[in-house]
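Thanks for coming. I'll take this one piece by piece, so please keep the structure open while I talk.

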Amino acid sequence: MRKLVIGTRGSALALWQAHYIQDRLLQECGVESSLEIIKTKGDKILDVPLAKIGGKGLFTKELEEKLLTKEIDLAVHSLKDVPVDLPESLALACITEREDVRDCFVSYKYPDFNALAQNARVGTTSLRRSMQLKARRADIACLSLRGNIQTRLNKLESGEFDAIILAYAGLKRLGIAHIPHIVPLSTTEMIPAMGQAALGIECREDDGDLRAVLETLACQRTALCTQAEREFIKVLDGGCQVPIGVHCKLLGEIEKGMVQIKAIVGMPDGSKVLQESISASAQEASIAAKELAHILIKQGAREVLEQAQRFFLQS
């Protein structure tokens, strides 16, 4: 196998993810590689909430362009950032084993979410998180929080926020544990984003040799669950920047096990929330995910999402 060029964003977490794949390629496949750091639109625009920037692929498009021009061989993404529809001639060749899928509450002042003072300032750029926080406590002020993990933690430490909500996987991967209160939120308290805590490795569809190598790094359990989540999002025509949460959990083995899929759709201010779940055999996970999406559509999910978008853009 030729020496590969891995495309990655430049944040500490993105680099951890890229080095993780680089190390596995070398240790497990004997394949050498180098890293190329690429700045995406989502990295450049930091003073506007993601949902107001608009469009899909805010953290992937520039890497995909480099793939198409053959300047890089593969791109390492946080799977939750990868749109469900890929550009023609590109493929999602590998989904790695998921880290802890939960979101977490992070604070210097308060031991947990329930202890927050009235009208506390909670930082998150995610409409999905805002929706679920506001549904639990309408008084909470959910304020936009952009930037990499360290930037967000610095803003928390400086007192701009009483607490922030982050993906637990990022803190674990970077070994961040010095903050007094880091409290994981169960997937019942906060349904995660599609593909959260998994990595998606993208390459050119016709690069058969590389695809064969990348497939050896894949986790089939994670791929089954995250593919179901992506099918759910595809039916709803959603993405990472809309107030949708979906989580598929595999119980038992792929061949004979079951999946439990739960999903939530709602307004960013928590004023209206639709939530449903479904169970099915593992072999029918993607079919069940589509069925769950249609159940929510019958309850008005598409109308809620359209209303949510108008609400947020006007706020």
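Leaving out residues up to four places away in sequence, Arg 152 touches Thr 125, Leu 145, Arg 146, Gly 147, Ile 164 and Leu 166. Bear in mind that this is a predicted model. Arg 152 sits in helix H6, residues 149–157.

The whole structure has 20 salt bridges. One of them joins Asp 73 and Arg 204, at 3.4 Å from N to O. Asp 73 is in the loop between helix H4 (61–68) and strand E3 (74–78), while Arg 204 is in strand E10 (residues 199–204), so this pair ties together parts 131 residues apart in sequence. Both ends are buried: Asp 73 has a relative accessible area of 8%, and Arg 204 has 9%. Arg 2, Asp 73, Arg 204 and Asp 207 are linked in a network of salt bridges.

Arg 98 and Glu 229 meet in a salt bridge at 2.8 Å, N to O. That pair links distant parts of the chain, with Arg 98 in the loop between E4 and strand E5 (103–107) and Glu 229 in helix H9, 131 residues apart. Arg 98 is buried at 16% relative accessible area, and Glu 229 is buried at 0%. The other pair is Lys 234 with Asp 85, whose closest N and O atoms are 3.4 Å apart. Here Lys 234 is in helix H9 and Asp 85 is in the loop between E3 and strand E4 (90–95), 149 residues apart. Lys 234 is partly exposed, at 44%.

On to the nonpolar residues. Which residues have the most contacts inside the largest nonpolar core? They are Phe 232, Leu 236, Val 259, Ile 261 and Val 265, in a core of 31 residues. Two or more residues each come from helix H9 (220–236), strands E11 (244–251), E12 (258–266) and E13 (273–281), and helices H10 (285–298) and H11 (301–314). Apart from this core lies another, of 17 residues, including Leu 4, Cys 203, Leu 210 and Leu 217. Back in the 31-residue core, the contacts of Val 265 beyond four places in sequence include Met 131, Leu 236, Val 273, Leu 296 and Leu 305.

Val 31 is in the loop between H1 and strand E2 (33–37). Val 31 is buried, at 3% relative accessibility. Among its contacts beyond four places in sequence are Met 1, Leu 4 and Val 213.

The ring centres of Trp 16 and Tyr 20 are 5.4 Å apart and the planes are at 5 degrees, so the pair is stacked. Both residues lie in helix H1 (residues 12–29), four residues apart, about one turn of the helix. Trp 16 is partly exposed at 32%, as is Tyr 20 at 28%.

Last, the cysteines. The disulfide count is zero. For Cys 104, the nearest cysteine sulfur is that of Cys 142, 15 Å away. Cys 104 is buried, at 0% relative accessibility, whereas Cys 142 is partly exposed, at 23%.

Conventions:
Residues numbered from 1 in each chain as written. Predicted model: local features only at pLDDT ≥ 70, side-chain atom pairs only at ≥ 80, totals over all residues. Heavy atoms only, no water. Disulfide = S-S within 2.5 Å. Buried < 20%, exposed > 50% of the residue type's maximum accessible area, 1.4 Å probe, protein only. Contact = heavy atoms within 4.5 Å. Core = buried A, V, L, I, M, F, W, Y, C linked by side-chain atoms within 4.5 Å. Phe/Tyr/Trp six-rings, centres within 6.5 Å; stacked < 30°, edge-to-face > 60°. Salt bridge = Lys/Arg side-chain N within 4 Å of Asp/Glu carboxyl O.
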